Amino acid sequence: MASEELAQKLQRRLQLEESGAAAAVGAGEAAAKGEEPPAAGDEAARSCLTGSAGAELSAKLCRRQDINEGAAQPRRAAVFNPYTEFKEFSRRQIKDMERMFRLYDSGRDGYIDLMELKLMMEKLGAPQTHLGLKNMIKEVDEDFDGKLSFREFLLIFHKAAAGELEEDSGLLTLAKLSEIDVSIEGVKGAKNFFEAKVQALSSASKFEAEIKAEQDERKREEEERKHRRAAFRELKSAFTQ
């Protein structure tokens, strides 16, 4: 990906330099013919563009060389943990949101694009116009890529729970129709510091209880599978005797 981007920038710079050279030739021909040469402002603009592209390309090449030589470290994207970033929601709520996100991420690329959002709103019984869908994405599109990541999807429910969405917002409609309870459970709304501490401890205890409940549920399912396998073996041995 980086090499492709570098190749595109090199090609762009060559095009700019060629256009500058062509302009110089054109000016010479115009002078020979007694015609007026190109305006100085046009040449200055082209020179500025070439210089800017050259400086940016030089900076990228220097950084790439530093990384290769071990003098610099490549930038790594921060790991997103929904449970620590969106503490106002319980594990079960976040898992429900994740299931909903995956349900409509039909491309399985980790994003909900405009067409997938269109299908989601239709399934929820609140179809939106093309412009309405674009505005919905725009409200939480932090990286301006025109689609919703899982973090941006969680932001919808975060804003809905915090009362940050307008009544006529399509995102508020999505949150209300999703059948996911987004009532505030964390330290939001606490009247003072001590109440906030009590609510934070309560939230942490509930978080741990949910983890234990999930573990108990998995153990119970495993026990049931063992019983079914044992019963099947007994039935099989009875037929083979």
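A polar contact is here a pair of N or O atoms within 3.5 Å, of which, within protein, one must be able to donate a hydrogen and the other to accept it. The views below are taken from a predicted model.

View 1. In α5, which spans residues 114–123, the buried residues are L114, E116, L117, M120 and M121. Because these residues cover an arc of only 160 degrees around the axis, they lie on the same side of α5. An α-helix has 3.6 residues a turn, so residues three or four places apart point the same way. M115 and K123, by contrast, are exposed on the other side of α5.

View 2. At the start of the helix, D113 places a side-chain oxygen within 3.2 Å of the backbone nitrogen of M115. After α5 comes G125, which has a positive phi, near 85 degrees.

**View 3. The surroundings of D141.** D141 belongs to the loop between α6 and α7, and its side chain reaches the backbone nitrogen of D145 at 3.2 Å. Although D141 is buried, it has no salt bridge, and the nearest side chain of opposite charge, that of K147, is 9.2 Å away, whereas the cut-off for a salt bridge is 4 Å. When neighbours within four places in sequence are left aside, the residues in contact with D141 are G146, K147 and E152.

Definitions and conventions
Residues numbered from 1 in each chain as written. Predicted model: local features only at pLDDT ≥ 70, side-chain atom pairs only at ≥ 80, totals over all residues. Heavy atoms only, no water. Buried < 20%, exposed > 50% of the residue type's maximum accessible area, 1.4 Å probe, protein only. Helix = DSSP H or I, 4+ residues; strand = E, 2+ residues; numbered from the N terminus. Arc of directions from axis to C-beta. Lys, Arg positive; Asp, Glu negative; His and termini not counted. Contact = heavy atoms within 4.5 Å.
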